[in-house]
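Please look over the sequence and the structure before reading on.

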Amino acid sequence: MKEQIYMLVKIQGIEVQAKSIKSTLNDASRKLEVIDAELNEFERTIEEQKSIIDKLKKKYRDYESEIQINLDRGKKTQVKLRSVKTNREYQSLLKEIEEEKAKNSKIEDKMIECLDRMDETEKIIAMKKDEYLQLSGSIMSEKEIMKQESEQGRIKLAKLDKDREEISCMIDPELLKKYLTIKKQNQPGLAIVPVKDALCYGCNVNLPPQLYNELFLGNSLKFCPNCQRIIYLRES
Ligand SMILES: [Zn+2]
């Protein structure tokens with residue numbers, strides 16, 4: 001029985017270790033997701049700013065052609081000016097020319113504003129790109145480390161699975177079944193716990209002296225009357 005109990009303890013140790021590795025692997029993959037989302041957010045912002053620049057460029061070209069149209073119109077008015085007959089006509093054409101000039105001057109102001117905004121947006125893009133490069137540089141090495149650690153974790157997990165398989169073959173099937181049932185009832189706690197100085201390490205309650213004495217014989221399976229876990233004597 002002692003040997004069987006020893007193997008159960010070993011199985012439980014393997015299970016605890018495997019569980020902790022699995023949780024580390026899960027944490028790592030969640031962390032990788034967060035990192036990727038952060039990088040994507042940068043890319044999205046940069047794309048957004050680029051599309052703002054494209055819109056501004058289009059607006060600028062529109063202003064340019066508007067100015068050209070006004071200039072052409074102005075030239076035609078100048079030609080007309082040479083052939084006017086009356087002063088009234090002449091005054092009215094001059095007024096037209098002045099209005100065209102004023103219009104263009106307003107458009108030019110808008111063009112300057114457009115250029116300023118393009119400049120600002122370019123600056124934001126450059127800044128974001130810079131931040132992105134810095135972040136992705138450090139993140140890439142972090143990701144590489146995490147990937148390597150995860151790979152090691154998976155190898156270790158596979159080894160633990162194999163060990164568990166091997167040991168469970170050596171345990172009496174009835175005993176293993178009992179262990180698994182108790183384990184299920186005590187999730188996420190332990191199913192087999194040591195007893196030291198008559199104290200159950202599963203529930204911190206003292207065992208009856210009779211039971212404690214029987215544990216020393218080590219010839220049969222014993223359970224804690226309080227928490228129902230399998231108990232064994234910790235000899236140290
Ligand atoms: Zn107990």
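The questions below go from the overall fold to single residues of this predicted model.

Student: How are helix 1 and helix 2 oriented to each other?

Tutor: Helix 1 covers residues 2–82 and helix 2 covers residues 87–170. Their axes come within 5 Å and cross at roughly 165°. Angles over 145 degrees count as roughly antiparallel, and therefore helix 1 and helix 2 are roughly antiparallel.

Student: Which hand does the crossing of helix 1 and helix 2 have, and how do the contact residues divide?

Tutor: Helix 1 passes helix 2 in a left-handed crossing. The residues of this contact divide into 36 nonpolar, 13 polar and 22 charged.

Student: What share of the contacts with a separation of 6 or more comes from residues 24 or more positions apart?

Tutor: Two residues are in contact if their C-beta atoms lie within 7 Å. Among contacts with a separation of 6 or more, the share from residues 24 or more positions apart is 71%.

Student: Which two residues does a cis peptide bond join?

Tutor: Most peptide bonds are trans. Here the loop between helix 3 (173–185) and strand 1 (192–196) holds Pro 188. With omega at about -5°, the cis bond joins Gln 187 and Pro 188.

Student: Is Asp 197 buried or exposed?

Tutor: Asp 197 sits in the loop between strand 1 and strand 2 (199–200). Its phi is near 50°, a positive value in a residue other than glycine. A residue with 12 or fewer other C-beta atoms within 10 Å is exposed; Asp 197 has 8 such neighbours, so Asp 197 counts as exposed.

Student: What is the phi of Asn 204?

Tutor: Asn 204 lies in the loop between strand 2 and helix 4 (209–217). Asn 204 is exposed, with 9 other C-beta atoms within 10 Å. Most residues other than glycine have a negative phi. Asn 204 is not a glycine, yet its phi is positive, about 60°.

Note on methods:
Residues are numbered from 1 along each chain as its sequence is written. This is a predicted model: local features need pLDDT of at least 70, side-chain atom pairs count only at pLDDT 80 or more; totals for chains, interfaces and linings use all residues. Axes are lines fitted to C-alpha atoms, for helices over the stretch in contact, and angles run from 0 to 180 degrees between N-to-C directions. Helices (H or I, at least four residues) and strands (E, at least two) are DSSP runs, numbered from the N terminus. Angles under 35 degrees count as roughly parallel, over 145 as roughly antiparallel, 65 to 115 as roughly perpendicular and the rest as oblique. A crossing is left-handed if the near helix is turned anticlockwise from the far one by less than a right angle, and right-handed if clockwise. Ala, Val, Leu, Ile, Met, Phe, Trp, Tyr, Cys and Pro count as nonpolar, Asp, Glu, Lys and Arg as charged, and the others, Gly among them, as polar. A residue is buried if 20 or more other C-beta atoms lie within 10 Å of its own, exposed if 12 or fewer, and partly exposed in between; C-beta atoms are placed from the backbone.
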